[in-house]
Amino acid sequence: MSAGPAGAGVSEGYADAIQAPGTDEARWRAWDGWDRMERYALPAAGRVVVVAAHPDDEVLGAGGALALLAAAGCALTVVSVTDGEGSHPGSTRITPGRLAEVRAGELRAALARLGAGGAEVVRLGLPDTGVAGHEDGLAAVLGDLLPGAALCLAPWTGDVHGDHEAAGRAALAAARAAGVPCRLYPVWMWHWATPGDPRVPWQRAARIDLPPEALARKRAAVEQFASQIRPLGPGPEDAAVLPPAELAHHLRAVEVVFG
């Protein structure tokens, strides 16, 4: 996940949605809408292509699903669209280049905790906060990776972060061309939306219930992203992108995908 500077990479109409105070996780957990969602059946075999705008998005939004897919024996290809080098643009503690390598290593460690240490990781190196300018090229690259896959998982196209939305659109286009089912996972939505929010297409939402082992694996995987969940230094420019209140949205025993 990368928040970027205020307003960067955020959809029109929601310029401050990510920087603004978010919805408390207690409100989400108390919501009665969970029971109205159908259950999504993950593939029991085959290859799954997982698209992430930044290293950690795939674990935050669908880490439990990845643990279940790995346990079922599915082959995983994880596509890191950017290296997430823009998560701390003002930092004097770490350079963007070094941060890119740190985040790539964190992703590898997280996948191992999910039981997916053998996953293929494809780093595309597109610019953090600049994916929309490369959307067609990204769709073409994904088009080469998707044929024969059982499923594509990608960021939700309404997530109110430009990189997430562009990656999701490119994945949808490539998946349609390849005849591969595509489901979209939200990341920032849990922050800026509220239960029952009319901006969210709940009628297209499906839930993935995480058994205790999958949830434990996801929790362990999230802990690997130290550059995002812990401060890099004492100054505000080095603050954690994912403080505990934000992480709480991604550590519940249910994940959501949109069809």
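Trainee: Is cysteine 74 buried or exposed in this model?
Mentor: In this predicted model, cysteine 74 has 7% relative accessibility and therefore counts as buried.

Trainee: How many disulfides does a search of the whole structure find?
Mentor: The search finds 0 disulfides.

Trainee: Which cysteine sulfur is nearest to that of cysteine 74, then?
Mentor: The nearest is the sulfur of cysteine 152, 14 Å away. Cysteine 74 is in no disulfide.

Trainee: And which one is nearest to cysteine 152?
Mentor: For cysteine 152, the nearest cysteine sulfur belongs to cysteine 182, at 3.9 Å.

Trainee: Is cysteine 152 buried or exposed?
Mentor: Cysteine 152 counts as buried, because its relative accessibility is 0%.

Trainee: Changing topic to the helices: at what angle do α3 and α7 cross?
Mentor: Helix α3 covers residues 96-113 and helix α7 covers residues 212-222. Their axes cross at roughly 165° and come within 8 Å.

Trainee: Are they roughly parallel or antiparallel, and why?
Mentor: Angles over 145 degrees count as roughly antiparallel, so α3 and α7 are roughly antiparallel to each other.

Trainee: Is the crossing left-handed or right-handed?
Mentor: The crossing of α3 and α7 is right-handed.

Trainee: Which residues make the contact?
Mentor: From α3 they are Ala110, Ala112 and Arg113, and from α7 they are Arg217, Ala220 and Ala221.

Trainee: What classes do those residues fall into?
Mentor: The contact of α3 with α7 has 4 nonpolar and 2 charged residues, with no polar ones.

Technical notes. Residues are numbered from 1 along each chain as its sequence is written. This is a predicted model: local features need pLDDT of at least 70, side-chain atom pairs count only at pLDDT 80 or more; totals for chains, interfaces and linings use all residues. Side-chain values use heavy atoms; hydrogens and water are left out. Axes are lines fitted to C-alpha atoms, for helices over the stretch in contact, and angles run from 0 to 180 degrees between N-to-C directions. Helices (H or I, at least four residues) and strands (E, at least two) are DSSP runs, numbered from the N terminus. Angles under 35 degrees count as roughly parallel, over 145 as roughly antiparallel, 65 to 115 as roughly perpendicular and the rest as oblique. A crossing is left-handed if the near helix is turned anticlockwise from the far one by less than a right angle, and right-handed if clockwise. Contact means heavy atoms within 4.5 Å. Ala, Val, Leu, Ile, Met, Phe, Trp, Tyr, Cys and Pro count as nonpolar, Asp, Glu, Lys and Arg as charged, and the others, Gly among them, as polar. A disulfide is a pair of cysteine sulfur atoms within 2.5 Å. Buried means under 20% relative accessible area, exposed over 50%, partly exposed in between (1.4 Å probe, protein chains only).
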